[in-house]
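Hi everyone, thanks for coming. Let's take a look at the structure together, and please follow along on your own screen.

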Amino acid sequence: MSLAEAATSASGAFDSIPIIDIGHASTHEERVALAQQIRDACVNVGFFYIKNHGIPEEIIDEVLSAMKTYFSLPVETKMKLYHRRGAHFRGYEPLLDSNIDPANRGDLYEGFVIGWEELVPKEGDDQKADNKPTTIENLWPSEPAGFREAFINYYHATFDVGKFLHRLFALALDLPETFFDDKLKRCPVMRGLHYPPQTGPEDDRIVGIGAHADFECFTILWQEPGVQALQVLNSKNQWINATPIPGTLVINIGDLLSRWTNDIFRSTVHRAINRSGVRRYSIPLFIGADPDVDVEPLPSCVSPDRPARYEIINSGEYVRQRLRDMYQQSIGTPGGAQ
């Protein structure tokens, strides 16, 4: 079945999220078989779990410990690195600083945002061949000790998973396995997130994070086991729980990859509502195209029966506009709309 035929036959009326074991991918044949499972998940659901991803448990434990200690600090301490003071949204995000769903009044989470950085900087590491910077400077708190190291170690371990996945996505799209290699080199943004327990009324328009689809190509999410919050919307307008499963990561397709695939891969609306009664921690790594990459529907996703649905766009400009839209309607913090 072609990609276009698969998309035409997909209903989106899923009632569960598939789990894919990526632990056996040493041969091309194994990767092709994995890519077929991923194609099915991306066309029908837009979300899937992966297990046997290879990130050591101690790396996860260290970044979780750093997050818990940091988010317990006084607000005035955390606000020293308020992310809106710079141009690129790096640093601390307070509660209610964003409002991703315009129908709501704010998102009830706080976060810490970083981008690419080597643990030990290398000479010329932030330069391209044309001498233009490819990275944005991160902001780091003075406490707790080991915070930077914990975040960077987790970032790179997860990005390694992402680089493996984008090769599987290429195979799933009938492209050469290395198609995305030169287009997704240093793009990820990572958020360490803390969702306090939500105690307001059920109809309150402040939730953990409102209903939305992600901006980038795909997201790799670690969520703390035992704390249910993430929900995914199917085509019947039913919210399906993405229950935390120990040892797994959640992968979801974002709008940019959906555009790139001419809507064959599904960018699915989701939200997080923490009514567990305890604090929830999660870490999404958002993987998108590098800022200088132009995106248009892939030839393998266009046919006479499914003509291109989108014009060419620049990845960097697209994501910057989506970020501005996300933050301009918040209600809770200094700085106002930007």
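Let's begin with a residue in a loop: leucine 96 is found between strand S3 (91-93) and strand S4 (106-107). Before going on, some ground rules. This is a predicted model, where local features need pLDDT of at least 70 and side-chain atom pairs count only at pLDDT 80 or more, while totals for chains, interfaces and linings use all residues. Residues are numbered from 1 along each chain as its sequence is written, and side-chain values use heavy atoms, with hydrogens and water left out. When I say helix (H or I, at least four residues) or strand (E, at least two), I mean DSSP runs numbered from the N terminus.

Most residues other than glycine have a negative phi, and most peptide bonds are trans. Leucine 96, though, has a positive phi near 65 degrees. Is leucine 96 buried or exposed? With a relative accessible area of 19%, leucine 96 is buried; buried means under 20% relative accessible area, exposed over 50%, and partly exposed in between, with a 1.4 Å probe and protein chains only.

Asparagine 262 also has a positive phi, about 60 degrees, although it is not a glycine. You'll find asparagine 262 in the loop between helix H6 (255-260) and strand S13 (270-272), and at 0% relative accessibility it counts as buried. Then there is a cis peptide bond, from glutamate 143 to proline 144, with omega near 0 degrees. Proline 144 lies in the loop between strand S5 (110-114) and helix H5 (147-172).

Now for the inside. A nonpolar core here is a set of buried Ala, Val, Leu, Ile, Met, Phe, Trp, Tyr and Cys residues joined through side-chain atoms within 4.5 Å. The largest one has 86 residues, of which Leu165, Phe169, Phe218 and Phe265 touch the most other members. Which element gives the most to this core? That is H5, with 14 residues. Contact means heavy atoms within 4.5 Å, and leucine 165 touches Ile38, Ile50, Phe218, Ile220 and Ile251, not counting residues up to four places away in sequence. Another core, of 11 residues, lies apart from it, with Phe14, Ile17, Val45 and Tyr49 among them.

Next, helix H2, residues 28-44. The expected span of a helix is 1.5 Å times one less than its number of residues. For the 17 residues of H2 that gives 24 Å, and the end C-alpha atoms are 24 Å apart, which agrees. Buried residues of H2 include Arg31, Leu34 and Ile38. The buried residues of H2 pack against helix H1 (3-9), strand S1 (19-21), strand S2 (47-51), H5 and strand S12 (248-253).

Let's move to strand S14, residues 280-287, where 8 of its 8 residues are buried. Arg280, Ser282, Pro284 and Phe286 point one way, while Tyr281, Ile283, Leu285 and Ile287 point the other way. Two strands pair if DSSP finds at least two bridges between them. S14 pairs with strand S6 (residues 189-195) in the antiparallel sense over 5 bridges, and 6 bridges join S14 to strand S9 (residues 218-223), also antiparallel.

Last stop: an open sheet of 4 strands, in the order S8-S13-S10-S11, with antiparallel pairing. Strand S8 (209-212) and strand S11 (239-241) stand at the edges, each with a single partner strand, so one side of each is left without a neighbour in the sheet.
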